[in-house]
Amino acid sequence: MQHPSRQAGRSARVLGSGAARSLSGSGAARSLSGGANRSRRAPPDDEPHLALLPELLSLLPRLRPQDVPALRPLPRHAGAPADPRLCWQGSDAWLRERRGCLTASSFASALGFYGLRGQRSLGRDFAAQLETGAALPPGQGPGCTWGQLHERSALATYAVSWLLPACPGAELLETGFWPIEQDERPGGDAAGAPDPALEGFGLGASPDALLEGIDSLCGPGGALVEVKCPWVGGQPVAAERVLPRQMPQMQGALRATGRSICHLLSWSPTGANVFHVELDEGFADEMVGCLPLFGRAVAARRPGGLS
């Protein structure tokens, strides 16, 4: 597998940046971004990390959900759609579809990008998921909460400040869970039969949004968007580059959806950057071939395997 730092440097480039906005409406607080960065003093070490955030968020220009018609949410049906790709993220149906699956947001941990401790922590969580039937727990801590609160606003800022000016007919579609087809099962017998220890193991991805109507920007076939809202210890700032550990998630989402372009949006109250990342088929194929080895390692430590 190609070294991820080389992959990140070769296939990612900055598309644009922009000033932050705020999306107002019902539900939890949401904040947007998309333009030139606005400098702010960082709180000294003896101040709470959150001291300046209310001030920053209060300065953002306000949008209403109806001001961003390009954002198309999935309907919140009472019943489960037949297609998992139409299950809105966070719904019971979406959680059921992900059971027994290693999802793209966990690929970097499974591959060792966060070291042996990260692999072991994910293995414990994955085994517990199989034991209880619950989904892998969401990330904990203020950084994860920050990202969850502001993800939708980041998408709206991306649409208003960058996407629609460049391509007025574009749409951002909310999407659900996309299983990844696996052609090879490491550990099978000589005849090529699947490894029984991997019964019930799957891979998949839930992109933050799909892009449609952008042929003039990316060519036919559409693209997808992944949103990151860096917390940086309570002093949020948009990233200036794509990190190697972010590549497995994006490559997995591209492989799952059959798309070749990912726009990585890094958002903060002081600005945002958009990066263009292309599918590397060799990297994605080898990664998908290696990830079941993590499933085998979990199965070897759990009575009854993965099923």
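Colleague: Y158 and W162 both sit in helix α6, four residues apart, about one turn of the helix. Before we go on, what sort of model is this?

Modeller: It's predicted, so local features need pLDDT of at least 70 and side-chain atom pairs pLDDT 80 or more, while totals for chains, interfaces and linings use all residues. Numbering starts from 1 along each chain as its sequence is written, and side-chain values use heavy atoms, without hydrogens or water. Helices (H or I, at least four residues) and strands (E, at least two) are DSSP runs, numbered from the N terminus.

Colleague: How many aromatic pairs does the structure hold?

Modeller: Rings of Phe, Tyr and Trp (its six-membered ring) pair if their centres lie within 6.5 Å; planes under 30 degrees apart are stacked, over 60 edge-to-face, and the rest tilted. Here there are five such pairs. One of them, W146 with W231, is tilted, with 5.4 Å between centres and 50 degrees between planes. W146 belongs to helix α6 (residues 142-166), W231 to the loop between β10 and α8, 85 residues apart, so to speak linking distant parts of the chain.

Colleague: Is W146 buried or exposed?

Modeller: Buried means under 20% relative accessible area, exposed over 50%, partly exposed in between (1.4 Å probe, protein chains only). W146 is buried at 6%, and W231 is buried at 17%. Now your Y158 and W162: ring centres 5.7 Å apart and planes at 25 degrees, so that pair is stacked. Y158 is buried at 1%, and W162 is buried at 16%. Ring pairs also tie F126, F201 and F294 into a cluster.

Colleague: On to the strands. What is the order in the open sheet of three strands?

Modeller: Strands of a sheet pair through backbone hydrogen bonds, parallel or antiparallel; two strands count as paired if DSSP finds at least two bridges between them. This open sheet runs β5-β8-β7, with mixed pairing. β5 (101-103) and β7 (178-180) are at the edges with a single partner strand each, so one side of each has no neighbour in the sheet. Between β5 and β8 (residues 202-205) there are three bridges, and the two run parallel. C101 has G202 as its bridge partner in β8.

Colleague: Which strands pair with β9?

Modeller: β6 (residues 171-173) pairs with β9 (residues 209-212) in the antiparallel sense over three bridges, with L173 partnered by L210. β9 also pairs with β10 (residues 223-228), again antiparallel over three bridges, and A209 stands opposite V225 in β10.
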